[in-house]
Amino acid sequence: MSGVLVIAEHRQGALREATLECLGAALALGGEATTLLLADAPDALAGEITGRTHGLKLYAHPDLAAFNPELYLPVVMDAVKALQPSLVLMPHSSQGMDLAPALAGRLGLPLVTDCTGLSWNDGALSVQRAVYGGKAMQELALKPAATVVATLQAGAYQAAPAGAAETASESVTLTELAPRHARRFLEYLAGVVEDVDIAEADILVSVGRGIGGPDNIPQAQALADALGATLSCSRPVADAGWLPKSRQVGTSGKTVRPKIYLALGISGAFQHQAGMKNSGTIIAVNSDPRAPIFQVAHYGIVADLFEVLPKLSERFGG
Ligand SMILES: Cc1cc2nc3c(=O)[nH]c(=O)nc-3n(C[C@H](O)[C@H](O)[C@H](O)COP(=O)(O)OP(=O)(O)OC[C@H]3O[C@@H](n4cnc5c(N)ncnc54)[C@H](O)[C@@H]3O)c2cc1C
């Protein structure tokens, strides 16, 4: 095999969207995409991957209900040795950050993390990744290597569409997992949702520094109420305490994918876009026609948001 090997991720019995994004990247790279799915009941999760990968290898064992790097590592190492992929790709999540370096270290393979773009250049991998806390983008041309291990930033790629590939699946029997392992999964503790979970909202009205100050938040809230939407924000708004940190969208906030994302006075910095660019319909209101938010917006209004806000509230307020 000279294609991409994707390591699937699941939590609490559900496949993680980041796996489908890795498959989106793998298919965009061209060539064969094979997915490894290790779980207690992988058949139950396979449906979402089928049609988005060429090969699917299902590994079942009761101890694989939750991620344990010590149990994953020997299985993934064996698969890499057998399949000889050009690239092993997994999400840049707590799981990927644990598994990818261990895999690369044990097999002596190059590792590149938190990639936002991947491409082949004369048989060698080129990647884009953010550096200096997102202030600059780096383009790395890796030396040619038989296999590279990489992790992919959430939201960097669209999920592979259903039906993009014809899938041949295979169930692989695991007789024994790593017999001696130091770590044991005890319990999954979900993060505390302080007020509302913006990731659950169908419609988000999101405010940026252009909202001017905390006194203007009620105007945006009125529009959100009229639309049955939830209020979210960019980082400066949360940093200034105009809205709680739990409302922040972006790389250091939450990744959201509502049906409608209305951005008011948000410039659309890379770190913000990474958290919202896969929303269904993006509408941006910004007084600067060159604001980067317009590059991802489906509809753009170049205007003072304080002229637009009352009109929208009136229109939808009934
Ligand atoms: C490590 C790191 C992590 C980060 N994480 C995040 C993150 O998770 N989320 C995030 O959002 N940012 C994040 N940032 C910050 C990010 O780089 C930007 O600084 C931030 O997104 C800018 O927020 P903004 O668009 O609200 O403000 P600005 O960039 O100041 O933009 C304000 C916009 O409002 C417009 N405007 C002003 N007045 C009006 C008006 N009256 N009507 C209409 N438009 C108006 C302006 O034209 C401008 O485009 C991070 C940065 C770093 C370094």
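The following legends describe close-up views of a predicted model.

Local features need pLDDT of at least 70 and side-chain atom pairs count only at pLDDT 80 or more, whereas totals for chains, interfaces and linings use all residues. Residues are numbered from 1 along each chain as its sequence is written, and side-chain values use heavy atoms, with hydrogens and water left out.

**View 1. The largest pocket and its position between two domains.** A volume of about 1200 Å³ is computed for the largest pocket (an open set of points on a 1 Å grid over the protein atoms alone, where a 1.4 Å probe fits, with protein on both sides within 12 Å along at least five of seven lines; the volume is the space filled by probe spheres set on the points). Because domain 1 (4–173) and domain 2 (198–317) both contribute lining residues, the pocket lies between them; the domain bounds come from an automatic or database domain assignment.

**View 2. The lining of the largest pocket.** The lining comprises 40 residues (each with an atom within 4 Å of a point). Nearest the pocket centre lie Arg-16, Ala-154, Ala-199, Lys-254 and Thr-255. By class, 14 lining residues are nonpolar, 13 polar and 13 charged.

**View 3. The largest nonpolar core.** Another core, of 26 residues, lies apart from it and includes Leu-36, Tyr-59, Leu-64 and Met-77.

**View 4. The surroundings of Leu-118.** Beyond its neighbours within four places in sequence, Leu-118 is in contact (heavy atoms within 4.5 Å) with residues including Ala-25, Leu-29, Val-127 and Tyr-157.

Note on methods:
Nonpolar A, V, L, I, M, F, W, Y, C, P; charged D, E, K, R; others polar. Core = buried A, V, L, I, M, F, W, Y, C linked by side-chain atoms within 4.5 Å. Buried < 20%, exposed > 50% of the residue type's maximum accessible area, 1.4 Å probe, protein only.
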